[in-house]
Amino acid sequence: MPKFQRFGMIRKLHTIISQKTIKPSFSTPPHLKTHNLSLIDHLSPNIHMPCVFYYKNCTKGDINILKKSLSQSLTQYYPLAGRLIAPHIDCNDEGVEFVEASIDTRIDEFILKKDQDETLDQLIPNALGCDVNKTSPNVIAIQLSHFTCGGAAVAVSISHQASDASTLVNFVNHWATITRGGSPINPSFFSSTMSNFKFPEFTIVETPKVKYATRKFVFPNSKLNELKNKINAMGTSPMNPTRVESLTSLIFKCAADAATTKSGSSQPSSLHQAVNLRGNTNANFHKLASRNCFAMAVAKIKDSGQIELNEVITSLRKERMELQEVREVEEVGKKMVNSWLTFMDDQIRSYAFSSVCRLPFYQVDFGWGKPAQVMLRTGNMDANFIYLMDTPFEDGIEATVQLEEEEMIIFQNNKELQTYAEDI
């Protein structure tokens, strides 16, 4: 299998077959034409989040059904068919771009790759990857790609200022359910009132361009259970960590160790973990809310050479408990701002974590069966970023890790990491 370098020449694999704008099947009512962004939306990264669903069996005769069902879904998910014009979405029904492309390779060339590079962007509409400050007003774009083996990929790229991962997967499942002739649960959109929250002035410090590498690691449940037992033995009493807590703390420690090894000295480090706020009745975050409903729990470590897994978990749990007690969106905003200030501090080595484990990504069935693989594209964000997702058969967790290239080499050779990861 050919290997493509992130900053090298990328082989052109795709040919655009067609492009069409899909509009909602019914017009959005006048009283819903303006969808105000929430405070959390404003504080979310100005990027697009691409997600790619791979299917081994797909027939081209299903394309018109896909387009029709997409049109029906957009009637319920009406902000997605609008245009992002901060501080609101203009729900003008201008529609969603639907691109169809052929890919001159087999599906396994993408599924089996452990390194994530710009080759993946050929499956994403207009290469709307995680580029900071993308100026496109489109809230969402979709590409259906056909492989030479008969497989297909459905890529959905959505603005993070309009959606989080939960909203994204709920929308795609809604669309897939209609495609199969089912009756999906409709979303709940809440147009926010304008907040009096005062945004601080962020100073962007220009730093030398750094090359990043992105790689996938698989951690079987059997190994994660061993890791949980190890962490339980660390404290005076068992803390019974979850799979996600255990793996998050391990990856954070190994990544910080790599940075320490590279620099030759320890430094303060911080772990920023996205927390789903849905179901927090104190702040009126509905369980089915279709919007950004998250905040960041932050664990700060003064010395990167002295990271203890159980202490990281304890710190994150304390932060999550505090977030569940918030009663006003402004409180979430303050915590988000503090998280951003820490993340942007060049004296602190920061790592962003997001877990989509247990979210129904592998339930997305357009009539071709469940996806063989689902990938979230980390893109070209100049940051240390890690996301966790269930394996296709829920027998482990896949971790997609983006670190500086030199640190990635050290990270993947970490003996503690290798103890729990599969086939590094």
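In what order do the six strands of the open sheet stand? The order is 9-15-14-12-10-11, and the pairing is mixed. Two strands count as paired if DSSP finds at least two bridges between them. Strands (E, at least two residues) and helices (H or I, at least four) are DSSP runs numbered from the N terminus.

The model is predicted: local features need pLDDT of at least 70, side-chain atom pairs count only at pLDDT 80 or more, and totals for chains, interfaces and linings use all residues. Residues are numbered from 1 along each chain as its sequence is written, and side-chain values use heavy atoms, with hydrogens and water left out.

Axes here are lines fitted to C-alpha atoms, for helices over the stretch in contact, and angles run from 0 to 180 degrees between N-to-C directions.

Within the sheet, strand 12 (residues 349-355) and strand 14 run parallel and are joined by four bridges. Ala352 has Phe385 in strand 14 as its bridge partner. Two helices pack on the sheet. Helix 5 (residues 221-232) touches strand 9 and strand 15, and its direction makes about 90° with that of strand 9. Helix 7 (residues 309-324) touches strand 10 (269-276) and strand 11, with a direction at about 145° to that of strand 11. Contact means heavy atoms within 4.5 Å.

Buried means under 20% relative accessible area, exposed means over 50%, and partly exposed lies in between (1.4 Å probe, protein chains only). Leaving out residues up to four places away in sequence, Arg349 touches Ala259, Gln267, Pro268, Ser269, Ser270, Asn384, Glu404 and Glu407.

Arg358, in the loop between strand 12 and strand 13, has a phi near 75°, a positive value in a residue other than glycine. At 60% relative accessibility, Arg358 counts as exposed. Glu394 lies in the loop between strand 14 and strand 15; its phi is about 55°, although Glu394 is not a glycine. With a relative accessible area of 45%, Glu394 is partly exposed.

Strand 1 (residues 14-22) and strand 6 run antiparallel and are joined by eight bridges, and the partner of Ile16 in strand 6 is Ala101. Seven bridges join strand 6 to strand 7 (residues 140-147), and these two run parallel. Phe98 stands opposite Ile142 in strand 7. Strand 6 (residues 96-103) is mostly covered, with seven of its eight residues buried. Strands of a sheet pair through backbone hydrogen bonds, either parallel or antiparallel.

A cis peptide bond, with omega about 15°, joins Ala86 and Pro87. Pro87 sits in the loop between strand 4 (83-85) and strand 5 (88-90).

On a 1 Å grid over the protein atoms alone, a cavity is a set of points where a 1.4 Å probe fits but cannot get out, and lining residues have an atom within 4 Å of a point. Grid points are joined across faces, edges and corners, and a volume is the space filled by probe spheres set on the points. By this rule there are two cavities of 30 Å³ or more.

The largest cavity holds about 180 Å³ of space. It is lined by 18 residues, of which Lys113, Asp115, Gln116, Leu120 and Met375 are the closest to its centre. Strand 9 (212-220), strand 13 (373-376), strand 14 (385-390) and strand 15 (396-404) are the elements that give two or more residues to this lining. Strand 13 has the largest share, three residues. The lining of the largest cavity divides into seven nonpolar, four polar and seven charged residues. Here Ala, Val, Leu, Ile, Met, Phe, Trp, Tyr, Cys and Pro count as nonpolar, Asp, Glu, Lys and Arg as charged, and the others, Gly among them, as polar.

The second largest cavity holds about 80 Å³. Of its 15 lining residues, His35, Asp41, Ala162, Ser290 and Arg291 are the closest to its centre. The lining of the second largest cavity divides into seven nonpolar, six polar and two charged residues.

Key:
1 Å grid on protein atoms, 1.4 Å probe; cavity = no way out; pocket = protein on both sides within 12 Å on 5 of 7 lines; lining within 4 Å.
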